[in-house]
Amino acid sequence: MGDIVKELKDLSGSDLQTGILKALADPSRYSFGDILALENIEKLSGDSTGKKWCELLKIFAHGTLSEYMAKRNILPELKTEHITKLKHLTILSLASQSKTLSYSPLVETLEAKTVEEVEDLITDCIRKRLIRGKHNPKAGVFIVEYSEGRDISDEDLDEMAQQMSSWLKTSQEALKVLKAKIQETKLYHANEKKRDQQLKEKSNQMKKMMEQKAGTSHQGRNRKRDDVNATSGSEYNIFPSRSSIR
């Protein structure tokens with residue numbers, strides 16, 4: 001827990017308001033989720049006076065300069081250092097959404113007077129290690145290579161929950177399809193195995209039949225040959241030999 005957070009957690013009333021402004025102006029602090037999580041800060045949303053301070057903290061946590069300017073009449077007044085901090089945070093948000101930041105639109109978004117002022121604000125963010133990238137004055141853009149993350153809002157959490165729910169539903173449907181495909185593949189391989197076995201059995205049956213047929217044919221030829229030999233022997237014995245006639 002940081003020193004500022006330790007100071008804030010025991011404050012109330014105007015002291016708490018002063019402490020909040022001090023925390024928002026801290027040049028080294030660009031994350032405010034831990035402050036919003038304090039019990040005395042959460043209680044601020046329970047009354048009309050404290051609610052605006054809670055709203056201000058939320059804008060610094062995950063909002064932009066334009067959000068503050070749209071509600072500035074009902075929110076606590078900020079000093080120059082606070083506005084500059086919001087400009088840095090706005091650049092940080094934009095850098096997380098796009099890898100190319102055009103200077104011209106940022107003049108209006110950051111309520112800057114010139115493009116040079118926009119370049120200086122981006123350079124400030126680089127020095128504070130909030131973002132990393134390269135200026136391209138000729139093209140009038142800044143190329144983002146890296147940007148720090150900001151605090152997550154309740155709306156972001158709801159959106160993330162919806163995305164996770166949608167992803168889970170899609171994953172479950174995909175899992176059903178995958179299981180069906182696996183079952184289909186198993187059945188296919190089982191049928192193929194059964195078919196191979198049937199073909200093997202038919203092949204063995206045909207082989208046995210051919211062997212039996214070949215054996216029967218061989219026996220028939222031997223029997224015929226024996227008959228022929230027997231007949232030939234009889235024919236030769238029909239005519240007596242000369243010696244017997246004599």
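**Entry 1: helix α7**

I started by listing the buried residues of α7, and I found His-82, Lys-85, Leu-86, Lys-87, His-88, Leu-89, Thr-90, Ile-91, Leu-92, Ser-93 and Ala-95. A reminder to myself: this is a predicted model. Next I checked the length of α7, which covers residues 80–97 and has 18 residues. From its first C-alpha to its last, α7 reaches 26 Å, close to the 26 Å expected at 1.5 Å a residue.

**Entry 2: where α7 meets α9**

At what angle do the axes of α7 and α9 cross? I looked it up: they cross at roughly 80° and come within 10 Å. Angles of 65 to 115 degrees count as roughly perpendicular, so α7 and α9 are roughly perpendicular to each other. I then noted who touches whom. On the α7 side I have Thr-84, Lys-87, His-88 and Ile-91, and they meet Glu-117, Leu-121, Ile-122, Asp-124 and Cys-125 in α9. Sorted by class, the residues of this contact are 4 nonpolar, 2 polar and 3 charged. Lys-87, His-88 and Ile-91 were also on my buried list for α7.

**Entry 3: helix α9 itself**

I moved on to α9, residues 115–127. It has 13 residues and reaches 19 Å from first C-alpha to last, close to the 18 Å expected. Which residues of α9 are buried? I wrote down Val-118, Glu-119, Leu-121, Ile-122 and Cys-125. Looking down the axis of α9, I see these buried residues within an arc of 160°, so they line one face of the helix. Their cover includes α7, α8 (103–109), β2 (131–136) and β3 (141–147). Just after α9, I spotted Arg-129 with a positive phi of about 60°.

For another pair I picked α2 (residues 13–25) and α5 (residues 48–62). Their axes are 11 Å apart, and the helices pack at an angle of about 10°. Angles under 35 degrees count as roughly parallel, so α2 and α5 are roughly parallel to each other. Gln-17, Ile-20, Leu-21 and Leu-24 in α2 meet Thr-49, Trp-53, Leu-56, Leu-57 and Phe-60 in α5. I sorted this contact too: 7 nonpolar, 2 polar and no charged residues.

**Entry 4: stepping back**

Last, I looked at the whole protein. I found 11 helices and 3 strands, and along the sequence they follow the pattern α-α-α-α-α-α-α-β-α-α-β-β-α-α. Of the 246 residues, 26% count as buried. Among contacts with a separation of 6 or more, residues 24 or more positions apart account for 52%.

Key. Residues numbered from 1 in each chain as written. Predicted model: local features only at pLDDT ≥ 70, side-chain atom pairs only at ≥ 80, totals over all residues. Heavy atoms only, no water. Helix = DSSP H or I, 4+ residues; strand = E, 2+ residues; numbered from the N terminus. Expected span 1.5 Å × (residues − 1). Buried < 20%, exposed > 50% of the residue type's maximum accessible area, 1.4 Å probe, protein only. Axes fitted to C-alpha atoms, helices over the stretch in contact; angles between N-to-C directions. Parallel < 35°, antiparallel > 145°, perpendicular 65-115°, else oblique. Contact = heavy atoms within 4.5 Å. Nonpolar A, V, L, I, M, F, W, Y, C, P; charged D, E, K, R; others polar. Arc of directions from axis to C-beta.
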